[in-house]
Amino acid sequence: MSFRSFLEQMEGKGEVLHIKDEVSQNFEIAYIMKRFDNNGPILSFDKVEDMETRVIANVCGTRRRICEALGVSSNQLHQRLLEALRSPKKPRIVDDGPVKEVIEEPDLLRIPILTHFERDAGPYVTAAVVHAKSLDENVENVSIHRLQVLDEKHFAIRLVPRHLYRLWQMAKEAETDLDVAISIGVHPAVMLAAASSPPFGVCEFDVANNLLNDSLRLIKCKFVDAYAPADAELVLEGRISASKEALEGPFVDVTGTYDIQRKQPVVEIVNVMHREDYVYQALLPSGTEHKLLMGLPFEASIYEAVSRVVPKVYAVNLSIGGGGWLHAIISIEKQVDGDAKNALLAAFAAHPSLKHAVVVDSDIDVFDLTAVEWAIATRFQADEDLLIIENVRGSTLDSSANQETGLTTKMGIDATRPLTKPYEKFEKARIPVSKRAEELVQKLHGVQASKS
Ligand code: MN
């Protein structure tokens, strides 16, 4: 269960598109990633200008691929993730693994790290999971961070004030640097676990190990006190400086706008380990993959929270148009008319960054935005079904929030049909289907697909 084995599995299913022509790590790869972003295949850039390493992109770029990586159907995904978050399990520590095939002096300039957008500050690592632990060894954490290349041996790391930031603060108070293992090219389950936020003290590797049915194996780094998946493609051993800072950014974040420049800590890389023929994993900032990985854990939280207040939740979609972050569509089964509004309140509480949410009935597919719009058009009355909450804390990524206070206005839309009005008025009309008509449609679709 490694990045490599998942890639081979996807290769076998025709999910990998090989780009054999030479391309540059500066903008060209990012541009091609962007053009294939929407539900696109895994991209394998086999010939990168002036580099020996292949670049693999868009691995977790579709919901379906993430489900395949976890071996679940799409309607089991949230429950599976919640189950893993509830039952983290320590992975086995091993002495050796494929990532130790080559151990060498760091030179970040020999890794095909991409420069993505026009005004980005420079090349950035975007698909790295960072492991660190507290000095007393009581707390371990794994999270995903963007890393800006400063020179052959240094990155600036963006530390949002969350768990890794807290570990770094604790190290700083002890006047020491924080050891980290930066792993690139890990199984999608590890990416997803690292993107989720169990409470401080729960190690996300343990969550990943549950997702991987106890098959995750870790190795201890050679020079720093941190751990990495033994099957990773590439591991950078480093130390986050307690004192050295550098200007980080601007850099494009999940909404597709530039995040500002800030002073952020410097990471010194002290050792590099990789597979003999390692591949470098890239992830397009603000691409679908970025949104899915950031959004999925919060979809699960919303699913769980709304489940507590209504009889049944069918599906939750933090839609791509909302940055996978600001917009939710939730389908429920309600018992009484107030249920949908309680569902909205629960969703806003479960995901504080959520800005707009729509609740629909179970006959609406939350991933079909035309159907969602149809529900709003036919089942929603603004004077009764609209919920507006003014001056609340929202997302720092919301460009339209009040610039001084950071406060925002949230909007909930109850687009479920009112139970007090006759059902016939809201029924989605169906055409009866015969076996013959269904088979004919399949055949005609087949003809169309083979032509395109
Ligand atoms: Mn954490």
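How much area is buried between domain 1 and domain 2, and what share of it do carbon and sulfur atoms give? In this predicted model, the area buried between domain 1 and domain 2 is about 1,900 Å², and carbon and sulfur atoms account for 68% of it.

Figure 1. Where the domains meet, 22 residues of domain 1 are in contact with 20 residues of domain 2. Of the area that domain 1 buries against domain 2, Arg63, His78 and Val254 supply 36%, which is more than any other three residues.

**Figure 2. Polar and charged pairs across the domain interface.** Two salt bridges are found across the interface of domain 1 and domain 2, and seven residue pairs are in polar contact across the interface of these domains. In a separate detail, Glu304 forms a salt bridge with Arg86, with the closest N and O atoms 3.3 Å apart. The elements that give two or more residues to the side of domain 1 that touches domain 2 are α3 (63–70), α4 (77–86) and α6 (188–195), and among these α4 gives the most, with six residues. By class, this side of domain 1 has 10 nonpolar, nine polar and three charged residues.

Figure 3. The protein donors of the manganese ion are Asn141 through OD1, His163 through ND1 and Glu204 through OE, and they lie 2.1 to 2.3 Å from the ion. Along the chain these donors follow the spacing N-x21-H-x40-E. Asn141 belongs to strand β8 (residues 140–144), whereas His163 belongs to helix α5 (residues 163–173), so that this pair, 22 residues apart, links distant parts of the chain.

**Figure 4. A salt bridge between Lys90 and Asp206.** The side chains of Lys90 and Asp206 meet in a salt bridge, with a distance of 2.5 Å from N to O. Lys90 is in the loop between α4 and β4 (92–93), while Asp206 is in helix α7 (residues 204–211), and the pair, 116 residues apart, links distant parts of the chain. In total, the structure holds 28 salt bridges. Side chains of opposite charge can pair when their charged atoms come close.

Figure 5. Most residues other than glycine have a negative phi, and most peptide bonds are trans. The peptide bond from Gly249 to Pro250, however, is cis, with omega near 0°, and Pro250 has its place in the loop between β14 (234–248) and β15 (251–252). Glu175, a residue other than glycine, has a positive phi, near 55°, and Glu175 is placed in the loop between α5 and β11 (178–184).

Key
Residues numbered from 1 in each chain as written. Predicted model: local features only at pLDDT ≥ 70, side-chain atom pairs only at ≥ 80, totals over all residues. Heavy atoms only, no water. Contact = heavy atoms within 4.5 Å. Buried area = accessible area lost by both parts, 1.4 Å probe. Salt bridge = Lys/Arg side-chain N within 4 Å of Asp/Glu carboxyl O. Polar contact = N/O pair within 3.5 Å; in protein donor to acceptor, adjacent residues only side chain to side chain. Helix = DSSP H or I, 4+ residues; strand = E, 2+ residues; numbered from the N terminus. Nonpolar A, V, L, I, M, F, W, Y, C, P; charged D, E, K, R; others polar. Donors = N, O, S within 2.8 Å, 3.2 Å for Na, K, Ca; no water.
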